[in-house]
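Colleague: Could you take me through this model, one question at a time, and give the cut-offs as you go?

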Amino acid sequence: MTSLNDLPLRDELRGKSAYGAPQLKVTYQLNTNENPYAPSDELISELVREVEETAKTLNRYPDRDAVELRTALAEYITKQTGVEVSVDQLWAANGSNEVLQQLLQAFAGPGRSALGFNPSYSMHPILSSGTQTEFIDCPRGADFRIDMDAALQAIDKHQPAVVFVTTPNNPTGDVTPLEDIEKLLQAAPGIVIVDEAYAEFSDLPSATTLLSKYPTKLVVSRTMSKAFDFAGGRLGYFVADPAFVEAVMLVRLPYHLPALSQAAALVALRHSETTLATVAILSKERDRVSARLEELGYSVVPSESNFLFFGDFADQHAVWQAFLDRDILIRDVGVDGHLRVTIGKPEENDAFLRAAEELAATGIRA
């Protein structure tokens, strides 16, 4: 059998691992930060009708620039954040990962670097590697928040073309205050991508409030995967000055966003009020689960997302396996002493907490 080592792979990709979370058949799947609530029957019915209409034109290419969808996204952002934006400030792609990749293709690449604050979204270094961009890690502090002194020193030293800020942060769930984001914007020589994949779960203002002040530096990336019950729809987008949209058009693939994806996202946006009602439910459940974990003696990072980062463990993978043995799949993200659990439906969270209580009684946390 031919192995990867037998292929003429680029040197910087050798020894790397592909992104992926375990996909196992378990009763309680709480490892991938999906919204556990299925789309409403009304949304599904409208989607079926929309797909039927769209299917009649599948012999034609889709709207290359997804203007109708971007217009709807601009209306949603204006309503959700209170910041008035236009269609020219929105760009959509196949998940926020493609959005981030396109931005790196346009603004990073060979001879340029991207700075991130780990632990954070694991795709940032992977996407950087794929675009031949040097990824520089500025480790977070002991509380898992960005160490601002270290961050500003790293920017001054490395002069990165791109700075990634994930808020709420994945996998820790904490938020970066706007005043800190503004300090990074002022210091950065290139662009700052604020990744707001979980923004709907937070009560804090969006970084979009800073767009008018930093038009040549700030890009706010978002997704419909989490709050919109739409992970299978693979729709991500960014909000920025119109010049950034022009920039990614230089590198995007032709007709990159399928007609069916555009149609499905438009239907989801039309039902956003109903769909986003699950955000309040999940946020309440998050707070309940967090409080109970702390009662049981676990340490929990304060979260404004749909997941919790908790510990401390001598061997987090052994604890991960202990949960799996109880038919509960959570995520070992490779951070010593900690695990991440997605907030599910109340009955799923109850099962997780029963297991957490059992494990606390065994002393496995030590």
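Predicted model: local features only at pLDDT ≥ 70, side-chain atom pairs only at ≥ 80, totals over all residues.

Modeller: Residues are numbered from 1 along each chain as its sequence is written, and side-chain values use heavy atoms, with hydrogens and water left out.

Colleague: Which residue does UniProt list as "modified residue: N6-(pyridoxal phosphate)lysine"?

Modeller: The listing comes from an unreviewed entry, and such annotations may be inferred rather than shown by experiment, with shortened feature names and positions given in the numbering used here.

Colleague: Is Lys226 buried or exposed?

Modeller: Lys226 lies in the loop between β7 (218-223) and β8 (236-240), where strands (E, at least two residues) and helices (H or I, at least four) are DSSP runs numbered from the N terminus. Buried means under 20% relative accessible area, exposed over 50% and partly exposed in between, with a 1.4 Å probe and protein chains only. Because its relative accessible area is 15%, Lys226 is buried.

Colleague: Which backbone atom of Lys226 does the side chain of Asn35 reach?

Modeller: Asn35, in the loop between β1 (28-29) and α1 (41-55), counts as buried at 9% relative accessibility. Contact means heavy atoms within 4.5 Å, and Asn35 touches residues including Lys226, Asp229 and Thr278, leaving out those up to four places away in sequence. A polar contact is a pair of N or O atoms within 3.5 Å; within protein, one must be able to donate a hydrogen and the other to accept it, and residues adjacent in sequence count only if both atoms are side-chain atoms. At 3.3 Å, the side chain of Asn35 reaches the backbone oxygen of Lys226.

Colleague: Which residue has its backbone nitrogen 3.0 Å from a polar atom of the side chain of Asn35?

Modeller: The side chain of Asn35 also has the backbone oxygen of Lys226 at 3.3 Å. The backbone nitrogen lying 3.0 Å from a polar atom of that side chain belongs to Tyr37.
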